[in-house]
Amino acid sequence: MVLCSVFRTFAAQKQKEVPYRMKRTLLTLLVTFMLLGFSHAQESMHVVLLGDSNTFIGGDSCNVARGWNKWFRDALQPATCRSYARSGATWTHTPKTVRDTEEYTEVLSDNNVIYNQVCRLLEAAVAGEQERPTLIIIMAGTNDAWFIDRRPQVFSNDISSPLTLAGAVYYDCQLLREAFSEARIVLLTPMQATKTSLKRIRRTGDIIEACGTQMGLEVVRLDREGCVSRKQELRKKTNTIDGVHTNERGAQCIGQLVAEKILSKCKLDSELARLSTY
């Protein structure tokens, strides 16, 4: 009887794994087929990533399997792909935040903000150490939602101040637009996490999406479309190691999803351009 129970449990677990495996396989095939039509564009695509720990763990060269950017790079195969992300980074500033491209920290701090990643990118581009990006992806917001006691104005509606999430998103994206007018900017909202409430993550995502829409930028709602579920991770760590940071499985899922979104938009733009020639 015990043995039968074990086999039934094992069978049930395998049945649950099938949909995920099928979904992952189909997504991989979809990205592969889409790549066939964009090989020339990829050869001239220079990708820059900004963000917090979930991008940082993929490495500056985007080659570490626990980071989504490794799987994104593998799927998209751009000419270059470089990350300026830092663990602990936030969109929002504090009253003490200043331009600082020298500080290195992997925890929350006054100057560990997306703004200073933008500044590091600008300096690298001017020095000829970085190809001018044609695609800039920013994935941040988890720490803004998590450490709200350290960023008390995060959800304020004042878009004129980088002390607020909206103000920081507007300010940083405008700097990037002015410096790299030819680049496509994509905002990724934070994934669901167990360390902060789903309500805060949703609110953070809503603000980032509203800013992106207002500025005409693309937004991918990882809190809605991503594979990381707060409910699931609280029950059993499946796509993260700690409820916040992806494991290899979660990273692959997120990376391929983002690649598919990027390629879908490329395909649409290409089709629209083709139709406009008639």
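Accessible areas here come from the Shrake-Rupley method with a 1.4 Å probe. By that method, the protein chain exposes about 13700 Å². Carbon and sulfur atoms supply 55% of this area. The model is a predicted one.

Start with confidence. The mean pLDDT of the protein chain is 87. Of its residues, 79% reach 70 or more. Two stretches call for caution. Over residues 1-18, pLDDT stays under 50. The model gives residues 1-18 one contact beyond four places in sequence. Residues 270-275 also have pLDDT below 50. Beyond near neighbours in sequence, residues 270-275 make one contact in the model.

Now the overall build. The protein chain has 278 residues, and 51% of them are buried. It holds 11 helices and five strands. Take the contacts in the chain with a separation of 6 or more: 71% of them join residues 24 or more positions apart.

Next, look inside. The largest nonpolar core has 30 residues. Trp91, Ile138, Leu176 and Leu187 have the most contacts inside this core. Helix α7 supplies the largest share, seven residues.

How values were computed: Residues numbered from 1 in each chain as written. Predicted model: local features only at pLDDT ≥ 70, side-chain atom pairs only at ≥ 80, totals over all residues. Heavy atoms only, no water. Core = buried A, V, L, I, M, F, W, Y, C linked by side-chain atoms within 4.5 Å. Buried < 20%, exposed > 50% of the residue type's maximum accessible area, 1.4 Å probe, protein only. Helix = DSSP H or I, 4+ residues; strand = E, 2+ residues; numbered from the N terminus. Contact = heavy atoms within 4.5 Å. pLDDT = per-residue confidence, 0-100.
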